[in-house]
Amino acid sequence: MAESQALRWIQLLLKCTIFLFMTAAAVSSRLFSVIRFESIIHEFDPWFNFRATKYLVNNGFYKFLNWFDDRTWYPLGRVTGGTLYPGLMATSAAVWHGLHKIGLPVDIRNVCVLFAPAFSGVTAWATYHLTCEIKDSGAGLLAAAFIAIAPGYISRSVAGSYDNEAIAITLLMVTFMFWIKAMKTGSIMHSTFAALFYFYMVSAWGGYVFITNLIPLHVFILILMGRYSTRLYSAYTTWYAIGTLASMQIPFVGFLPIRSNDHMAALGVFGLIQIVALGSFLKAQVSWQKFKTVMVVSLIFLLLAGVCGLFALTYFGYIAPWTGRFYSLWDTNYAKIHIPIIASVSEHQPTAWPAFFFDTQFLIWLFPAGVFLLFLDLKDEHIFIIAYSVLCSYFAGVMVRLMLTLTPIICVCAAVTISKLFDIYADFSFWSDKSLEPSDSSNKTKIMTLVTKLTVCGSFLGYLYLFVYHCTWVTSNAYSSPSVVLPSRNQDGSMALIDDFREAYYWLRMNSAEDAKVASWWDYGYQIGGMADRTTLVDNNTWNNTHIAIVGKAMSSPQEKAYEILRQHDVDYVLVIFGGLIGFSGDDINKFLWMVRISEGIWPDEIKEREYFTPSGEYRMDALASQTMKDSLMYKLSYYRFASLFNGIEGMDRVRGQKIRDEDVGNLDYFEEAFTSENWMVRLYKLKDLDPVGRELHSAGEFERKSARSQKKRIVKRPSLDLRV
Amino acid sequence: MMVTSTLYMVLQVVIGVVLAQADAASLSKSWENVAYHRTVDVSRTYTQERIDLHIKNIDNKAIEEYYFVLPEGIFENIALFSAQLKRADAFLESAIIPQQTFVANGEHVKVAVVKMPTSVEPGSSTDIAITLVYGSHRQPYSGSVEMGERQLLHLSTNTYPLSAYNTQQYTMSLEGSPSIEVVSNSSDDNFSCRKEGSRLDCESHKAIGPYQKTAPLKIVFERNLPSSRVSFLAREVWVSHWASTMQFEESYDLVNDAAPLKGGFSRAEYMKGQHAMKQHGHLTALEMVLPSDSEEHYFTDLVGAVSTFRVLQDHIFLKPRFPIFGGWKYNFTIGWTNGLSQFLHIEDVDTESFVLSVPILNGPADTYYSKMNLSVYLPEGSEVLDVWCPLPVVSTEVTASKSYFDLNNGHTKVTFELNNMVDTVSTSKVFVRYKFSTFSFYRKPISIAASIFISLMAFFFLKQITFTIEN
């Protein structure tokens, strides 16, 4: 007794130590960007989340929920409080308040930056418990270790990537863990926890629909397999009732759980399980023959009624139809044709095959093996994992960013495989097995077995080592760039930073009027709001396609027309990103076709994509570029004064590898260069005021140029007198 | 209750106004300025004036106080005021009376009192020199300039001196710029100026009465340097006895008052003309002198760290995110750490009292500061005994402020509010005498340890409680 007690303590101690190390590994591998650069919020969306969190911390929760943001989507504004998932901001605000309470007044920025790494530790813990339920604690520890460092998950949870996904994956795993526990035991407590974490997940990420559909799917498959039980009934009904009611408390979700098609499966299965419960009750009461007829008739009736009802309700508009993003999940070409704005986002593109290996390395080929092993066993909880694997494998293939939801299940399945392998091959107890009498042949088998086992164990340890190496390498090289700051080298080889974005945003923040309106392509909206603190026309919350198209139209129109459009929207500054000088390929000229396409969708008579190409169908910027291209505001703003940096006649665009002629760019009569960053990556232009004498700005510009020219001429004329003979 | 207290406050204000304004004629006219020479130096972003006075007692009794009159416009921006006895080359006791405003000839003036070391007998005379440093608003003469163009600034000052006494002979020289010109077309025949090299010498041909009304003298001078003004500086000094360090953190709101650019900023022209290398009206880098052996430097602003700074020995060179042209603003925060022993003196081991000397400024040269808050954070549990600041302080406050692991009252914070400063005061020091007991010293780690222990124990006991319904 005492011995087993001691053993338990040792086990606990070991487990704690292992978890401690795992968390340390998870956190430290996510800190590359902080160590290499600084504690900074990354990319685009996190800047909005950060800004919202600051608002929450400064103004309190109720003001946050009622937040109407008049600094975005000028002049429309955005009902931010009602159109975001508050889970992430609420959590970090709670962490911030908690830390303040215990005497740690940490800056809110640092809370936000280190949020994702901290939660990755929790994810590892939840994955451990989930896998424990699937197999055993050995597999659990492996799965936890895998998820801690798998690049597929790290890609969205490095320090500074303060996005909804950072907390959502943690909540996903916790919810699933509680669901499995509830489903296995029928415990109301566990299913209540599952429901509460589901609510938390709903408050944090739009991807909660995945849980909303996966759990009913699991239940549905179990019912189809004839594995219905009262445990399943109590677990599901508790989860559904509490989870749905709770999820409706989020303002952004509201009545969606009973009105949108995405949630109908859960409702349907809820109804079904009631009928199945009734059926199983009846089955116990009446004879099998009678029950069979009742079941067949009622099933057909219910199915018909359900499908017809769904169609009717959708038709009459009581249930919202599927959203565009949903369609694009099934038809990868859907977005390209119908909603170019979704297709223009790079993370909505289908996944390239190497990405799977890149993000999960050797786990990807252990994953099917794990699924197969689960099939062999096929307990109720294994069906959940299998359903999850199949669904997510498809989704991950369709959209790059859903790789994230696939990664946890890959880790779980691969851990099951490896732990199974080690269960068999790392078992060296045969060596001391006394039942076999020592003989030559048995000795030989013994040695051969030993060699086999050692080979297998050794090679898999090697794989594990390589996995760690690969993960670190990928994290360090691919996922640790803040994209706000770009690394570069000085001439002497020392590290230097290209900090153009912040340079220009900060200039704007310091030196423009507080209520200045900035027009830029929507990609930079959140960053301008977060770093420059100025009002933007459009931002990364792409809810209003027309408004985005207006900016697209201004950028693709000639300057006088663009001036008119921008003036109507009270714009003070126009911001363009230009990579031609240092060869930064993600600039606005390369995104320009999307601007043209999106505005063509609204004004097909005025903007035509074809006119921006050369007659031979090329996308060029040099002398051969089409006249429409050369006249467009984007072209002019990008290349204005560019040639003067070279010889004054033509300049070399390093991204396109083309020569830009100064005569093609021409003069800017309606805009004035306000600021250009050190490497020309961000160019800011101010809209000129209306002419004080009431002239057209173009003719005013012409007049000034003419007078400047005639002044020059007069100077030149004087010496020419001597030449008269 | 509310009404009476408001009434009382209003009364107080009214009484204060009545008391604060007095007729300047009430001041005695016992002196005569035999010679009044004013030297105005415009070489820096603020104006430096030196006034050499040869004064004579014309009263019939010995006097020792000389009243020096300042126009209120200068008083509002004054950074330094001092008086010297020329003969002994020693500083005189002198002070501006800040509360009291005098009215002379319908204008509001302030009066400074200069006290002679010994009283001056009737009929005898002495020489004193008064130094004034004040922020002055200079406008770009042509409104705006092209990049790299010669920058002309416009300054308005008094033609005649404002004095409480008769002035027999008055001369003035303007210096500190390669070219200074007078642009005010005054019809005053009694005042003339002529160029003397790069200096402009002016003189009055007539004696000047007390508080004589004067037309402003408008001058235009060339100055191809940035005019940096810090509109607000928050300087924080954190004293740690445990780490034995003193940490500095300073936040600057910087404005360049030089001439703004004509027609926006052209990066192409800036690169082609290599203006980053040239010294002109724009500010490309700031240099500061830090206390020796400083460590752990950082340079940040509201959007994160700025990587472009270098530390060479005691100098820190900061390159802001963008060149600051005329009219542009930039704000930033820098910080560094020094050893505590450089600044701390143990006054008395038995009473556990310490004296801390904190340098007032470490900012860049040639800079004017409109407002500044200097906060000294003493360790939690320390008690301020005495503070001393050599510069006129608007207010001094002792409060508490919570920081990391402050589980009790928080750090004791001493805040000095200062107005109108110039870079040359950086050698001055603020002294804080405080008591910090050994008990407070050990209380901090013990309270941290105790709270961790209590929370762990609470967790342990809470885990023991079972809520199961079964059995």
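By helices I mean DSSP runs of H or I with at least four residues, and by strands runs of E with at least two, numbered from the N terminus. I looked up chain B, and there are four helices and 31 strands in it.

Housekeeping: this is a predicted model, where local features need pLDDT of at least 70, side-chain atom pairs count only at pLDDT 80 or more, and totals for chains, interfaces and linings use all residues. Residues are numbered from 1 along each chain as its sequence is written, with chains lettered from A and ligands numbered from 1 in the order in which they are written.

Still on chain B: its C-alpha atoms fill a box of roughly 110 × 65 × 50 Å along the principal axes. Of its 471 residues, 31% are buried (20 or more other C-beta atoms within 10 Å of the residue's own, with C-beta atoms placed from the backbone).

Next I checked where chains A and B touch. Each chain puts 25 residues into the contact (C-beta atoms, placed from the backbone, within 7 Å). On the chain A side, α25 (500–511) and β8 (671–676) each supply at least two residues, and α25(A) gives the most, with seven. I sorted that side into 13 nonpolar, four polar and eight charged residues. Nonpolar here covers Ala, Val, Leu, Ile, Met, Phe, Trp, Tyr, Cys and Pro; charged covers Asp, Glu, Lys and Arg; the others, Gly among them, are polar.

Conventions:
Two residues are in contact if their C-beta atoms, placed from the backbone, lie within 7 Å. A residue is buried if 20 or more other C-beta atoms lie within 10 Å of its own, exposed if 12 or fewer, and partly exposed in between; C-beta atoms are placed from the backbone.
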